[in-house]
Amino acid sequence: MNLDTLPFYEQLELFVRLPDAQFRTLCKTNKAFHSICSGNLTPDILERFGPGVTEELYKRRFFYFYDQKFLKYKEEMSWKEFYNKLAYVYHLIDTVPDVQDYFGLKSLVEENRLTELKILQDIVKNKERSIVAIAISAISGNGNLDILKWVTSLNWDQEKIKEEIHDVIGNFDTLSEAIFNSFEQLPNIDIYTYIIELRDSGK
């Protein structure tokens with residue numbers, strides 16, 4: 001594909017509408033695409049398209065592919081960074097067998113990807129399941145205090161939380177013990193008071 005054969009706005013529209021996998025392939029294999037996608041603009045690209053071409057590309061891709069409700073997570077990020085975070089979350093959803101269990105969320109917690117965790121929590125239906133999995137991973141030493149503060153500040157259904165905790169205790173004894181040993185770190189103790197009661201009752 002030769003960019004020079006198309007006017008700029010047709011080129012940009014092509015970038016905008018390509019599915020993410022094809023978009024990323026062209027970003028790697030085509031020099032001009034790579035320059036624009038990466039933001040490392042060559043003098044020629046700068047002269048032809050201007051310094052804002054990379055941000056315009058990712059901004060338009062966001063509005064083409066994603067719900068505007070996610071804009072609340074952009075904050076001070078560039079459009080490129082914000083788009084890539086969203087794309088990464090949807091990639092996980094599409095490729096991880098169970099993105100809401102402990103092992104599905106562990107990498108996000110370990111890498112302190114708080115924005116991605118917030119986006120994922122906004123997408124999933126069973127909110128309580130991911131709340132428990134994120135908390136377990138964070139308390140087990142995989143995450144930072146910001147993740148703990150965020151996850152324990154969320155709204156939840158208390159009975160559903162209890163059901164999820166029962167599942168955790170039944171399936172992840174070592175991780176459950178980590179909760180028992182570290183629960184005092186949590187900014188919100190309500191859920192974890194219940195865990196301690198479960199442990200002490202011998203259930």
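Quick definition before we start: a residue counts as exposed when its relative accessible area is over 50%, as buried when that area is under 20%, and as partly exposed in between. Keep those cut-offs in mind. One caution too: this is a predicted model.

Let's begin with glutamate 75. It sits in the loop between H5 and H6. Buried or exposed? Glutamate 75 has a relative accessible area of 60%, so it is exposed.

Now a second residue with a positive phi. Asparagine 112 is not a glycine either, and its phi is about 55°. Where is asparagine 112? Look in the loop between helix H7, residues 102-110, and helix H8, residues 114-123. Its relative accessibility is 36%, so asparagine 112 counts as partly exposed.

Back to the two helices on either side of the glutamate 75 loop. H5 covers residues 53-65, and H6 covers residues 79-95. How do their axes meet? They come within 8 Å and cross at roughly 35°. The crossing of H5 past H6 is left-handed.

Which residues make the contact? From H5, we have Thr54, Glu55, Tyr58, Lys59, Arg61, Phe62 and Phe63. From H6, we have Trp79, Lys80, Phe82, Tyr83, Asn84 and Leu86. Sort them by class, and the contact of H5 with H6 has seven nonpolar residues, four charged and two polar.

To recap. H5 and H6 cross at roughly 35°, in a left-handed crossing.

Key. Residues numbered from 1 in each chain as written. Predicted model: local features only at pLDDT ≥ 70, side-chain atom pairs only at ≥ 80, totals over all residues. Heavy atoms only, no water. Axes fitted to C-alpha atoms, helices over the stretch in contact; angles between N-to-C directions. Helix = DSSP H or I, 4+ residues; strand = E, 2+ residues; numbered from the N terminus. Left-handed = near helix turned anticlockwise from the far one by under 90°. Contact = heavy atoms within 4.5 Å. Nonpolar A, V, L, I, M, F, W, Y, C, P; charged D, E, K, R; others polar. Buried < 20%, exposed > 50% of the residue type's maximum accessible area, 1.4 Å probe, protein only.
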